[in-house]
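Welcome! Here is a short tour to read with the sequence and the 3D view side by side.

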Amino acid sequence: RALARALHADVRFHGRVSRVRVRELLRGAGLCALLPRTHADGSGAEGLGLTPLEAAAVGVPSVGCALGGVPEAVGPAGLVLDDPEDTRGSVAAIRAWWAPERGAQARAWLEATHGVARTVRALRES
């Protein structure tokens, strides 16, 4: 929170919220960020982060990092940061990447690549 204030970043921290509230919040967002960190024992990596997929469903693009399944969940319409610990570099990368059409691109990618029918077909073909 202190870093967001210092960088004058428009960031809101909501803590734990219901699934209904998540959709409401996502609909009003400019972007979704999923930047997990691993713990010393290796735990904490996302197998597949659902939040970027939920964001794409309502036309919100995502930013993530190269950890676990985050790049897959962010998709090619999103941005995968090389070093999310480099806050100033990450903010600069996000500002350079973000554009209004990113949300529509995220939604189109989600509709083209995810869903029950596509998942079942992929499982049958593997």
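How many strands form the open sheet, and in what order do they stand? There are 3 strands, in the order 1-2-3, with parallel pairing.

This is a predicted model, where local features need pLDDT of at least 70 and side-chain atom pairs count only at pLDDT 80 or more, while totals for chains, interfaces and linings use all residues. Residues are numbered from 1 along each chain as its sequence is written, and side-chain values use heavy atoms, with hydrogens and water left out.

**The chain as a whole**

- The chain has 7 helices and 3 strands; these are DSSP runs numbered from the N terminus, helices being H or I with at least four residues and strands E with at least two.
- Along the sequence they follow the pattern α-α-β-α-β-α-β-α-α-α.
- The radius of gyration of the chain is 15 Å, close to the 14 Å that the globule rule gives for 126 residues, so the chain is as compact as a globular protein of that length. (This radius is taken over C-alpha atoms, and the rule is 2.2 Å times the number of residues to the power 0.38.)
- The C-alpha atoms fill a box of roughly 50 × 35 × 30 Å along the principal axes.

- Strand 1 pairs with strand 2 (residues 62-65) in the parallel sense over 3 bridges; two strands pair if DSSP finds at least two bridges between them.
- A33 stands opposite V63 in strand 2.
- Helix 3 (residues 50-57) packs on the sheet and touches strand 1 and strand 2, its direction making about 165 degrees with that of strand 1. (Contact means heavy atoms within 4.5 Å; axes are lines fitted to C-alpha atoms, for helices over the stretch in contact, and angles run from 0 to 180 degrees between N-to-C directions.)

**The largest pocket**

- The largest pocket has a volume of about 1,700 Å³. (A pocket is an open set of points on a 1 Å grid over the protein atoms alone, with protein on both sides within 12 Å along at least five of seven lines; lining residues have an atom within 4 Å of a point. Points are joined across faces, edges and corners, and a volume is the space filled by probe spheres set on them.)
- Of its 39 lining residues, V11, R12, L31, C32 and A33 are the closest to the centre.
- Helix 5 gives the largest share of this lining, 5 residues.

**The cavity**

- The structure holds 1 cavity of 30 Å³ or more, a cavity being a set of points where a 1.4 Å probe fits but cannot get out.
- P52, A56, V60, S62, A73, V74, A106 and W109 line the largest cavity.
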